[in-house]
Amino acid sequence: RTRLLAAAIVAFASGAIEAQECDSGACSKTFGNWAVDITPSNAHAMSSSKAGGLLSYMCMAGKTRCQWGIVMPDADCKPRSSVVVSIKGVGGSLVVDAYCNSLPIIEGVPGAGRILALGGSNELLTPAFTSQDTTASTRNTNGRLVQHQFSAQESSDAIQAADQAFRLMRSDVP
């Protein structure tokens with residue numbers, strides 16, 4: 001496992017780099033408006049919106065696939081409920097179900113907003129988020145529209161780096 005992680009970090013670090021930092025078996029790299037963090041147990045590509053949202057592509061060891069999610073600090077859906085998320089870009093829109101959950105408690109303080117784990121296949125979601133800038137929207141419990149716009153700048157490279165690390169993690173599973 002250590003050799004595969006080292007190979008993943010070397011492969012990750014040897015690509016075209018705008019910013020890179022490695023420490024204690026983990027690496028972080030920036031691709032345009034996207035950041036990728038790789039540890040022995042996960043690979044995580046993410047981009048933030050100007051309004052404080054976070055679009056995330058999470059790949060974790062032991063899982064069968066990576067998962068798209070959005071942190072919306074201004075969303076208030078009921079935790080453990082299903083909500084609808086609309087993803088719109090120049091090429092059209094995609095509507096998917098999402099699982100709503102609370103943000104974690106950090107140092108005793110609960111986070112405001114919600115994490116929305118997007119349903120649907122990565123074959124639909126990945127091109128929607130990587131081919132163009134997109135706006136993800138959902139409705140609050142009072143009906144108010146909550147929107148966050150995310151950049152696609154170098155997103156394909158970030159997703160590719162996370163996928164490559166995930167393949168190496170999965171190939172190391174006994």
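This is a predicted model: local features need pLDDT of at least 70, side-chain atom pairs count only at pLDDT 80 or more; totals for chains, interfaces and linings use all residues.
Visitor: What makes up the chain in terms of helices and strands?
Guide: The chain has 3 helices and 13 strands. Residues are numbered from 1 along each chain as its sequence is written, and side-chain values use heavy atoms, with hydrogens and water left out.

Visitor: Why are C59 and C66 called a disulfide?
Guide: The cut-off is a pair of cysteine sulfur atoms within 2.5 Å. The sulfurs of C59 and C66 sit 2.0 Å apart, so they pass.

Visitor: And why is that one right-handed?
Guide: Because the torsion about the S-S bond of C59 and C66 is about 110°.

Visitor: How many disulfides are there by this rule?
Guide: The count is 2. C77 pairs with C100, again with S to S at 2.0 Å, and that link is right-handed too, with 90° about the S-S bond.

Visitor: What does the pair C77 and C100 tie together?
Guide: C77 lies in the loop between β6 (67-72) and β7 (82-89), while C100 is in strand β8 (residues 92-102), so the pair links parts 23 residues apart in sequence.

Visitor: Are these cysteines buried or exposed?
Guide: C59 and C66 are both buried, and so are C77 and C100. Buried means under 20% relative accessible area, exposed over 50%, partly exposed in between (1.4 Å probe, protein chains only).

Methods: Helices (H or I, at least four residues) and strands (E, at least two) are DSSP runs, numbered from the N terminus.
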